Amino acid sequence: MRTELEAFAARDEPATRWWRKRRNITGGLVVALIVATGGGTAAAYAYLHPRAVTDKGSAWCYSEPVYVRGATFAGTTIASAAGGGSDGSIQDALDTCASLWQAGALRLGVPHVIPPVAGARYPVPALVGCTLPDGIAAVFPGPADTCNQLGLAPESPPAVRPAEPAP
């Protein structure tokens, strides 16, 4: 009997009821879920709510709806004719990128600018303006939700241009 009593006293963990263990685990999971959901919502709001473009001296015209931060991109950079200190319009960037598509200089999925053929006209895909994390305007081919799909903020005000067939 003494041996059994010593064995009982030497146990590492005190005897607890099964429902107390379950309650502690459930409470911890609920707290973790609330923290994760709140953090995810805050991050989504910080990155995906519409943002104004702060760098008005240039914009990027993408030839495919792919964005990788810090990587070279498929497309070209356009500069504002009025210079970096102007109030360059996002609509100007959409129009300029659309004219590059129409001239054939930008083509879907082609990673670089193609020299345009004189007199040729090409279809223009639907275009949408997004704001990159560093404040530069980026114009992507795709529907209005392309910015959200790429994890970028849509431009504020929204900048969307419908597709145009070749003339």
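My notes below go from the whole chain down to single residues.

**Ground rules**

I am working with a predicted model, where local features need pLDDT of at least 70, side-chain atom pairs count only at pLDDT 80 or more, and totals for chains, interfaces and linings use all residues. Residues are numbered from 1 along each chain as its sequence is written, and side-chain values use heavy atoms, with hydrogens and water left out.

**Whole chain**

I looked up the elements and found four helices and six strands. I noted that these are DSSP runs numbered from the N terminus, with helices being H or I of at least four residues and strands being E of at least two. Starting at the N terminus, I read the order as α-α-β-β-α-β-β-α-β-β.

Next I checked burial: 27% of the 167 residues count as buried. Buried here means under 20% relative accessible area, exposed means over 50%, and partly exposed is in between, with a 1.4 Å probe and protein chains only.

**Strand 3**

Is strand 3 enclosed or open? I found that five of the five residues in strand 3 (127–131) are buried, so the rest of the structure largely encloses it. Leu-127, Gly-129 and Thr-131 are on one side, Val-128 and Cys-130 on the other, and all are buried.

Then I looked for partners, where two strands pair if DSSP finds at least two bridges between them. Strand 3 runs antiparallel to strand 4 (136–141), with five bridges joining them. Val-128 has Phe-140 as its bridge partner in strand 4, and Leu-127 stands opposite Pro-141. The two strands make a hairpin with four residues between them, and Gly-135 in the turn has a positive phi of about 90°.

Strand 3 also has two bridges to strand 6 (160–161), again antiparallel, and there Leu-127 is partnered by Arg-161.

**Strand 4**

I moved on to strand 4, and six of its six residues are buried. Ile-136, Ala-138 and Phe-140 point one way, while Ala-137, Val-139 and Pro-141 point the other way. Strand 1 runs parallel to strand 4 and is joined to it by four bridges; in that pairing Ala-59 stands opposite Ala-137.

**Cores**

I looked for nonpolar cores, meaning sets of buried Ala, Val, Leu, Ile, Met, Phe, Trp, Tyr and Cys residues joined through side-chain atoms within 4.5 Å. The largest has 15 residues, and Ile-78, Cys-97, Leu-127 and Val-139 have the most contacts inside it. Strand 1, helix 3 (90–103) and strand 4 each give two or more residues to this core. Helix 3 gives the most, with five.

I then listed what Val-139 touches, leaving out residues up to four places away in sequence: among them are Trp-60, Tyr-62, Cys-97 and Leu-127. Contact means heavy atoms within 4.5 Å.

**Rings**

How many aromatic pairs does a search of the whole structure find? I got four. Rings of Phe, Tyr and Trp (its six-membered ring) pair if their centres lie within 6.5 Å; planes under 30 degrees apart are stacked, over 60 edge-to-face, and the rest tilted. Trp-60 and Tyr-62 make a tilted pair, 6.4 Å centre to centre with 50° between the planes. Tyr-62 and Phe-73 have their centres 4.6 Å apart and their planes at 40°, so I logged this pair as tilted. Tyr-62 lies in strand 1 (55–62) and Phe-73 in the loop between strand 1 and strand 2 (75–79), so the pair ties together parts 11 residues apart in sequence. Ring pairs link Trp-60, Tyr-62, Phe-73 and Phe-140 into a cluster.

**Gly-142**

My last stop was Gly-142, in the loop between strand 4 and helix 4 (146–150). Gly-142 counts as buried, at 15% relative accessibility. Setting aside neighbours within four places in sequence, I found Gly-142 in contact with Ala-126, Leu-127 and Val-128.
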